Amino acid sequence: MEHWVYTFHIAGHALTVNLDTILTMWFAMAVVIIFAIIATRHLSLVPGKLQAVSEGIMKFFYGTLDTMVENDNRRHVPLVASLFLFIVTANLMGQLPLRIIHLKNGGELASPTNDINLTAAMAVIVLIYYVFMGIRTKGPKFFLHELTFTGIVMALVELLEMFTRPLSLAIRLFANIFAGEILVSIALGGLAYFLPLPIMLFEILVAFIQATVFMMLTIAYIGSATGEEH
Amino acid sequence: MVDTATISQMAHLGAGIAIGFGAVGAGLGIGFATKGLMDAVSRQPEVAGKAFGFFLLGAALSEACALYAFVIAFLLLGK
């Protein structure tokens, strides 16, 4: 489970880059981008097979946003959809059969989401996005609702949540993928090439569920930041 | 003065305790979620598909608690 590390120095500080994460991340991004380009090339009023599939995917995001965010919800589709598609692609990349060979030799060409730096970056993007949207819809009332004792305590709790929410988002996705890889490695040690198969099937399920969880929590945070008080 | 070998052994012990207690919580959580699913499906069998989706979501969320403990245990193993 060791990353391919490249270290360089800027002004006396050592900066470390995980090259394998960058490589696999760009591969996952390329898959999503090429799919998007191919799917939107020949759009027609009577959809073909590919267009029907991609319209179904988009309808899933629209439906989820409509039920969970109150007002002006369809503007959040770009962030939510790209997060979901990227995470699904990245998680599924780790289930390619080539990883069995890689894990045995201690290599690291699995999913990019097994690096906490990537998931933390996505979680921070979500944090910045929902705080920005909350300030835009509510103004300074987003931070402080009312000047009473309860209001101030609630404001402090929400300030704490701004720290814990991205932390839990990042660790949840990272730990699921990482634990899956360790499970597969242990199964490889037990009975090579046969015992890992059911676990890898389970990991495919986990890949979809974790992407859905990340997306659902992002939508819930946006909804609570932009919705009215009840 | 405690030597490094003892610290390492204690860290391994702590890793075991951490993942053990974390697994207890996650197991209870998934058990309650399954109980809720069974209640809902036996009361209204037509919501089975929709309820199963929410069940998977809730199970993944409570399973994450065990994985936080797993991360802590993994960090402790490196000590």
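pLDDT is the predictor's confidence in each residue, from 0 to 100. Chain B averages a pLDDT of 89, and 99% of its residues score at least 70. For the complex, the predictor gives an ipTM of 0.79 and a pTM of 0.86. This is a predicted model, in which local features need pLDDT of at least 70 and side-chain atom pairs count only at pLDDT 80 or more, while totals for chains, interfaces and linings use all residues. Residues are numbered from 1 along each chain as its sequence is written, and chains are lettered from A and ligands numbered from 1 in the order in which they are written.

Chain A contains 7 helices and 2 strands; helices (H or I, at least four residues) and strands (E, at least two) are DSSP runs, numbered from the N terminus. Read from the N terminus, the order of elements in chain A is β-β-α-α-α-α-α-α-α. Along the principal axes, the C-alpha atoms of chain A fill a box of roughly 60 × 60 × 40 Å. Of its 230 residues, 29% count as buried. A residue is buried if 20 or more other C-beta atoms lie within 10 Å of its own, exposed if 12 or fewer, and partly exposed in between, with C-beta atoms placed from the backbone.

Strand S1 (residues 5-10) of chain A pairs with S2(A) in the antiparallel sense over 6 bridges; two strands pair if DSSP finds at least two bridges between them. Tyr6(A) stands opposite Val17(A) in S2(A). The hairpin has 2 residues between the strands, and Ala11(A) takes a positive phi near 50 degrees there. Of the 6 residues of S2(A), the number buried is 0, so this strand lies largely in the open.

The expected span is 1.5 Å times one less than the number of residues. Asp20(A), Thr21(A), Thr24(A), Met25(A) and Ala28(A) are the buried residues of H1(A). Seen down the axis of H1(A), they fall within an arc of 135 degrees, so they line one face of the helix; the arc is that of the directions from the helix axis to the C-beta atoms. On the other side of H1(A), Trp26(A), Ala30(A), Ile34(A), Ile37(A) and Ile38(A) are exposed. The buried residues of H1(A) pack against strand S2 (13-18), helix H3 (77-93) and helix H5 (116-138) of chain A.

H5(A), with 23 residues, reaches 32 Å from its first C-alpha to its last, close to the 33 Å expected. Its buried residues include Leu118(A), Met122(A), Val126(A) and Tyr130(A). The buried residues of H5(A) pack against H1, H3, H6 and helix H7 (196-226) of chain A. Gly139(A), with a positive phi near 75 degrees, follows H5(A).

Ala187(A) is found in helix H6 (residues 149-190) of chain A. This alanine is buried, with 20 other C-beta atoms within 10 Å. Leaving aside neighbours within four places in sequence, Ala187(A) is in contact with Leu195(A), Pro196(A) and Ile199(A); contact requires that the C-beta atoms of two residues, placed from the backbone, lie within 7 Å.

Between the chains, 9 residues of chain B are in contact with 10 residues of chain A. The side of chain B that touches chain A divides into 9 nonpolar residues, no polar and no charged. Here Ala, Val, Leu, Ile, Met, Phe, Trp, Tyr, Cys and Pro count as nonpolar, Asp, Glu, Lys and Arg as charged, and the others, Gly among them, as polar.
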